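Trainee: Could you show me how to read an interface between chains, step by step?

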4 protein chains.
Amino acid sequence: MVGAGGKMGRMACDALEGADDLELVARAGRQDDPAALARQHGVQVAVDLSVPSASPGVVAGLVAAGVHVVVGTSGWDEAALGRLRDQLREAPEGIGVVVVPNFAIGAVLLVRFAQQAARWFTSVEVLEAHHPAKVDAPSGTAVRTAELVAAARREAGTPAAPDATSSGLEGARGAAVEGVPVHSLRMAGVMAAQEVWLGNDGELLILRHEATDRTAYAPGLLLAVREVAQRPGLTVGLDHLLGV
Amino acid sequence: MVGAGGKMGRMACDALEGADDLELVARAGRQDDPAALARQHGVQVAVDLSVPSASPGVVAGLVAAGVHVVVGTSGWDEAALGRLRDQLREAPEGIGVVVVPNFAIGAVLLVRFAQQAARWFTSVEVLEAHHPAKVDAPSGTAVRTAELVAAARREAGTPAAPDATSSGLEGARGAAVEGVPVHSLRMAGVMAAQEVWLGNDGELLILRHEATDRTAYAPGLLLAVREVAQRPGLTVGLDHLLGV
Amino acid sequence: MVGAGGKMGRMACDALEGADDLELVARAGRQDDPAALARQHGVQVAVDLSVPSASPGVVAGLVAAGVHVVVGTSGWDEAALGRLRDQLREAPEGIGVVVVPNFAIGAVLLVRFAQQAARWFTSVEVLEAHHPAKVDAPSGTAVRTAELVAAARREAGTPAAPDATSSGLEGARGAAVEGVPVHSLRMAGVMAAQEVWLGNDGELLILRHEATDRTAYAPGLLLAVREVAQRPGLTVGLDHLLGV
Amino acid sequence: MVGAGGKMGRMACDALEGADDLELVARAGRQDDPAALARQHGVQVAVDLSVPSASPGVVAGLVAAGVHVVVGTSGWDEAALGRLRDQLREAPEGIGVVVVPNFAIGAVLLVRFAQQAARWFTSVEVLEAHHPAKVDAPSGTAVRTAELVAAARREAGTPAAPDATSSGLEGARGAAVEGVPVHSLRMAGVMAAQEVWLGNDGELLILRHEATDRTAYAPGLLLAVREVAQRPGLTVGLDHLLGV
């Protein structure tokens with residue numbers, strides 16, 4: 001476990017220790033060399049929950065040491081993923097890396113379901129609510145959801161959602177992400193929630209997810225740790241492991 | 001029934017004919033003089049569902065004829081209400097007029113409850129969804145709800161809701177109505193819905209109303225017709241009749 | 001269109017007439033022989049919206065006449081489907097029949113998503129709300145949803161949902177359908193709604209569908225009519241046409 | 001603070017210490033005599049968060065010592081409240097006691113709003129969701145809500161909600177509490193949630209409350225502590241302090 005001292009790291013250690021079929025053999029803090037530690041302890045699977053600036057180096061070192069890696073650190077852009085993909089192609093041993101932007105299974109399913117449903121509805125909008133200390137609006141997940149929804153509709157040739165709005169107040173219709181309105185609420189009492197509304201004449205489908213506690217990330221983490229060795233190369237996103 | 005030929009008018013006629021304790025004695029169309037018709041038929045209570053331009057004249061005529069009036073036509077501003085209040089003060093007979101901006105009992109209760117609850121919560125936001133043919137956003141009801149919520153918080157000295165948003169996309173945080181964010185969705189499959197979200201650390205109260213059919217206005221209309229004779233002078237809003 | 005005079009039939013005729021790429025060439029009532037009518041008018045695709053007692057005979061006749069059929073009539077059990085499957089195997093011409101228990105796209109997606117998500121959650125329960133004139137509780141769709149959820153969990157080896165209830169009132173925990181609790185609300189103001197709640201520690205996924213009008217069935221009907229000729233043999237359920 | 005060592009007690013101490021206008025002067029554990037401690041420290045207001053068996057004695061002692069008391073311990077039945085009311089009538093000093101079955105402001109408002117709205121709707125049902133370790137179903141709050149809803153409808157002469165259910169599965173329609181159906185979900189990922197659904201033809205009002213954390217009780221506790229001295233005699237329920 002790399003980054004074992006952070007909030008996510010502590011939750012992750014608890015989850016691993018609670019699993020009968022897994023053993024947590026080493027915890028790496030800021031001063032440690034994760035690859036050396038992994039070699040020393042015969043680690044099979046590493047979990048990277050370090051910081052964005054350190055994560056690519058940590059993962060490269062672990063892969064070079066022949067260790068499968070589950071990456072939960074944020075900040076992996078297309079360029080970094082490309083470099084990792086290249087490294088894995090060279091790595092002889094069938095090493096797998098799973099990069100997981102979101103460990104909450106329900107959140108991942110929500111995005112996937114929205115993407116699958118989007119083409120079949122006249123109207124689609126995204127709504128998210130987070131605690132008031134959040135600095136960005138919309139959330140990264142909501143923007144990503146809207147982008148995937150927009151892409152699915154484009155590919156299927158779904159017409160743009162109708163909207164006759166011609167007067168009113170600035171901002172009422174939300175932020176448009178590739179034509180999909182996204183509405184952000186900031187609320188005491190909410191940790192993270194997201195809703196996707198999909199409407200046809202006479203019917204409404206609402207997909208809603210709430211995360212109320214960091215423990216929500218445990219089942220997704222355990223799933224990734226259990227599956228990564230069976231997935232050589234690079235896998236991005238928990239949805240591939242969920243079979244949806 | 002004035003305006004008996006319109007959509008609301010037909011619904012209202014159906015509702016009155018379905019009520020055992022009420023009798024629909026006359027229907028006035030565009031060519032008719034409602035006050036003359038009322039005198040001729042001995043009408044006790046008139047319902048005005050005409051058009052905004054005609055409504056003040058219709059109501060003044062009926063009041064002068066000694067008829068109680070339930071007004072469901074929109075467009076009554078403070079000036080028009082003031083003139084009506086003056087006329088009713090002169091009217092000797094204890095005539096009552098009830099002006100009802102919204103006959104849907106649930107919608108009226110939602111606004112009233114939001115107003116009562118607003119001062120007790122750290123965060124309050126308003127969300128409304130309507131069919132895609134609606135031309136204004138936010139809806140008039142949502143703006144009015146936000147204004148009442150803002151006023152209740154101001155009177156109680158409730159601090160402004162916290163919001164750390166410092167980056168993101170234009171419009172994501174909705175339209176600010178006196179500091180209360182309002183989010184407008186436009187959706188096939190929805191006629192009219194409104195939600196008020198109220199949050200404190202550790203708890204969330206959501207008040208939600210949906211209208212799916214014009215029949216939603218019937219119980220409020222019947223209530224107003226039954227009560228108007230017991231309410232001399234001017235009453236604005238169904239909430240006064242609902243005892244909340 | 002077989003059964004063109006019923007409520008569903010009239011909606012279906014309106015939908016077909018509103019579609020530029022489809023032509024409604026014949027309407028069969030109770031007295032008509034659908035197969036003869038189809039031959040006479042050169043019908044390519046028939047829609048059966050007759051009654052349960054008539055439907056198997058109607059469909060067999062149409063298939064024998066070389067016509068693709070979309071079946072929206074309820075009451076097709078496994079035995080009837082088996083006989084139709086046998087007939088289609090004999091039919092030389094690559095004739096397709098699509099049997100659609102539910103034309104509302106959102107309702108079909110909801111069930112499919114619940115089925116896919118079920119294995120990943122600690123707890124799953126089903127809630128449905130219908131108008132107060134409904135005679136059965138739970139609804140057929142809710143029972144079917146619970147059965148599919150239960151089967152998905154059984155296949156994946158998901159443990160039973162925890163439930164410490166040891167005291168209380170009869171009925172509070174709903175009806176158990178293969179171990180999945182189903183709760184039925186009967187409400188004025190609701191036509192048909194269904195929710196599936198899925199919970200893990202720290203997260204909650206709620207899938208919600210509402211149908212407010214028979215027009216909700218139009219897009220699913222048009223989809224089936226357009227696709228049936230490309231699907232020789234028997235297809236049961238709109239989900240196969242939705243690609244989920 | 002009596003019962004300062006329990007979970008609620010620790011939350012309450014944190015809340016009081018975070019309030020600028022209040023000072024926490026003494027904490028009583030199991031061995032302490034709260035009344036003696038109060039006299040010693042010149043306590044003006046005591047908070048009782050002890051255990052049901054101890055609470056009546058603790059409160060009686062504090063009242064005799066001339067201390068206002070906020071009672072958050074459960075288990076106060078009508079007989080115990082009657083004895084306390086008698087004692088307060090004798091107490092010369094205008095001492096106030098506020099007994100608070102639920103400190104979550106949103107939960108209290110939800111019940112109050114449901115009670116006010118109930119008479120105006122054709123159908124009303126109650127739904128609650130709690131964590132799977134809860135032993136009773138329905139929750140005490142849900143039963144109380146249904147009782148208050150039923151009483152409000154009885155007093156107003158509202159007819160029973162229509163329900164044509166004549167076939168189906170045992171338990172589907174929930175537990176009937178004085179004729180009001182109550183549905184209990186037990187879900188990982190939920191701490192405590194309650195919904196009241198109210199329906200008329202064409203409209204639906206849903207009041208929803210979720211508590212996700214014990215911090216939800218802080219604002220209600222602080223409100224009671226600040227107000228109890230202005231309320232001589234016995235007050236039962238936070239709603240009286242919320243002005244609804």
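**Reading the interface of chains D and C**

Trainee: How many salt bridges are there between chain D and chain C?

Mentor: A salt bridge is a side-chain nitrogen of Lys or Arg within 4 Å of a carboxyl oxygen of Asp or Glu, and between chain D and chain C the count is 0. By class, the side of chain D that touches chain C has 22 nonpolar, 14 polar and 11 charged residues, where Ala, Val, Leu, Ile, Met, Phe, Trp, Tyr, Cys and Pro count as nonpolar, Asp, Glu, Lys and Arg as charged, and the others, Gly among them, as polar. Bear in mind that this is a predicted model, in which local features need pLDDT of at least 70 and side-chain atom pairs count only at pLDDT 80 or more, while totals for chains, interfaces and linings use all residues. Residues are numbered from 1 along each chain as its sequence is written, chains are lettered from A in the order in which they are written, and side-chain values use heavy atoms, with hydrogens and water left out.

Trainee: What is the area buried between chain D and chain C?

Mentor: Buried area is the accessible area (1.4 Å probe) that two parts lose on being put together, summed over both; here the value is about 3400 Å², of which carbon and sulfur atoms give 65%. Met187(D), Ala188(D) and Trp197(D) supply 16% of the area that chain D buries against chain C, more than any other three residues.

Trainee: How many residues of chain D are in contact with chain C?

Mentor: With contact meaning heavy atoms within 4.5 Å, 47 residues of chain D touch 47 residues of chain C.
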